[in-house]
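Please examine the sequence and the three-dimensional structure shown below.

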Amino acid sequence: MTESSHPRISKAVIPAAGLGTRFLPATKATPKEMLPVVDKPAIQYVVEEAVSAGLDDVLMITGRNKRPLEDHFDRNYELESALQKKGDGDRLAKVQESSDLATMHYVRQGDPKGLGHAILCAAPHVGHEPFAVLLGDDLIDPRDPLLARMIEVQEQRGGSVIALMEVDPAQIHLYGCAAVEPTEDSDVVEVTGLVEKPDAADAPSNYAIIGRYVLDPYIFDILRKTEPGRGGEIQITDALQKLAEEHRGTDGGGAGGPVHGVVFKGRRYDTGDRGDYLRAIVRLACEREDLGPDFRTWLRSYVTEEM
């Protein structure tokens with residue numbers, strides 16, 4: 001297959017309708033996606049990743065109490081005017097950056113029926129084009145461009161592409177898990193089966209699905225027919241499992257194409273867990289040119305003297 005065989009991907013979908021219950025009470029009135037990672041909300045890192053991969057049309061799937069997400073990516077003329085009058089050009093640029101990132105669209109999920117249902121809400125906007133899905137809990141370091149590689153694989157091979165990462169087998173029950181077969185590319189595998197959060201003894205591998213997908217629009221047809229699965233929710237893992245089953249052992253032809261995985265070995269920050277959220281802040285702060293030197297000095301002193 002050649003790149004010209006498949007439409008160019010231009011749209012990103014970011015599901016952001018979750019309640020963030022693991023971060024209560026902080027998320028009682030503040031969306032979890034707006035919790036700061038150093039000095040930017042987590043959701044801005046995700047939008048920046050989509051844009052850096054060439055996707056400047058972003059649809060956010062939201063729910064109740066998510067209005068701050070829209071406000072963050074909108075203009076704030078009063079704040080901008082106040083900063084301009086103060087001559088604070090640096091902060092003005094940071095405020096304007098979020099509103100100039102991408103063309104933003106929003107739709108409400110309504111009923112919290114799971115990730116698969118949230119993605120299905122994007123069907124009218126996406127239409128018949130392949131598209132990317134980025135989950136806000138996974139922050140991918142911009143120095144390790146996972147999404148760009150996934151888009152490249154989808155354009156070359158068609159079908160859908162998921163991001164995979166090897167994890168400790170004892171942790172696989174926290175993730176969707178993929179059964180895979182190798183391809184001629186060392187970082188690309190063919191996905192032959194998927195299981196949502198299996199017990200370690202039942203897991204087909206230690207390849208965990210992380211929060212990046214590049215999906216063929218045929219996935220919408222499958223999601224419309226997918227019954228609620230684990231947790232009583234419509235799971236994208238179940239829909240992709242169906243797609244992998246349909247194409248297993250074929251040449252990749254037919255509706256929807258095959259499912260491939262890109263094995264990611266770069267830097268990933270998990271902000272969906274409180275402990276990992278704190279570790280992500282520390283790691284990113286340490287690497288900042290403006291904060292890192294002083295913060296690393298303090299951190300070494302704290303670990304040495306206080307711990």
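## Helix α9

Helix α9 comprises the 12 residues 236-247, and because each residue should contribute 1.5 Å, the helix should span 16 Å, which agrees with the 17 Å that separate its end C-alpha atoms. The expected span here is 1.5 Å times one less than the number of residues, and helices (H or I, at least four residues) and strands (E, at least two) are DSSP runs numbered from the N terminus. The model is a predicted one, in which local features need pLDDT of at least 70 and side-chain atom pairs count only at pLDDT 80 or more, whereas totals for chains, interfaces and linings use all residues. Residues are numbered from 1 along each chain as its sequence is written, and side-chain values use heavy atoms, with hydrogens and water left out.

Within α9, the buried residues are Ile236, Thr237, Ala239, Leu240, Gln241, Leu243, Ala244 and His247, where buried means under 20% relative accessible area, exposed over 50% and partly exposed in between (1.4 Å probe, protein chains only). An α-helix has 3.6 residues a turn, so residues three or four places apart point the same way. The cover over the buried residues of α9 includes the helices α5 (115-120) and α8 (218-225), together with the strands β8 (160-166), β10 (188-196), β11 (207-215) and β12 (259-263).

Gln235 lies in the loop between α8 and α9, and with a relative accessible area of 10% Gln235 is buried. Neighbours within four places in sequence aside, Gln235 is in contact (heavy atoms within 4.5 Å) with Gly116, Glu196, Leu223, Thr226 and Arg230.

## Strands β8 and β12

Six of the seven residues of β8 are buried. Strands count as paired if DSSP finds at least two bridges between them; by this criterion β8 pairs with β12 in the parallel sense over five bridges and with β11 in the antiparallel sense over six bridges. On the β12 side, Val161 stands opposite His260 and Ile162 opposite Gly261, while Leu164 stands opposite Ile209 in β11.

In β12, five of five residues are buried. Val259, Gly261 and Val263 point one way from β12, and His260 and Val262 point the other way. Strand β12 also pairs with β10, in the antiparallel sense over three bridges, with Val188 standing opposite Val262.

## Pocket and cavity

The second largest pocket has a volume of about 950 Å³. On a 1 Å grid over the protein atoms alone, a pocket is an open set of points with protein on both sides within 12 Å along at least five of seven lines, a cavity is a set where a 1.4 Å probe fits but cannot get out, and lining residues have an atom within 4 Å of a point. Grid points are joined across faces, edges and corners, and a volume is the space filled by probe spheres set on the points. The lining of this pocket holds 36 residues, of which Lys40, Gln44, Tyr45, Glu48 and Glu97 lie nearest its centre. Elements that each supply at least two lining residues include α1 (42-52), α4 (89-100) and α10 (274-287). The lining divides into 15 nonpolar, five polar and 16 charged residues, with Ala, Val, Leu, Ile, Met, Phe, Trp, Tyr, Cys and Pro counted as nonpolar, Asp, Glu, Lys and Arg as charged, and the others, Gly among them, as polar.

The structure holds one cavity of 30 Å³ or more. About 80 Å³ of space lies in the largest cavity, whose lining includes Phe23, Lys32, Glu33, Asp137 and Tyr277. This lining is made up of five nonpolar, two polar and three charged residues.
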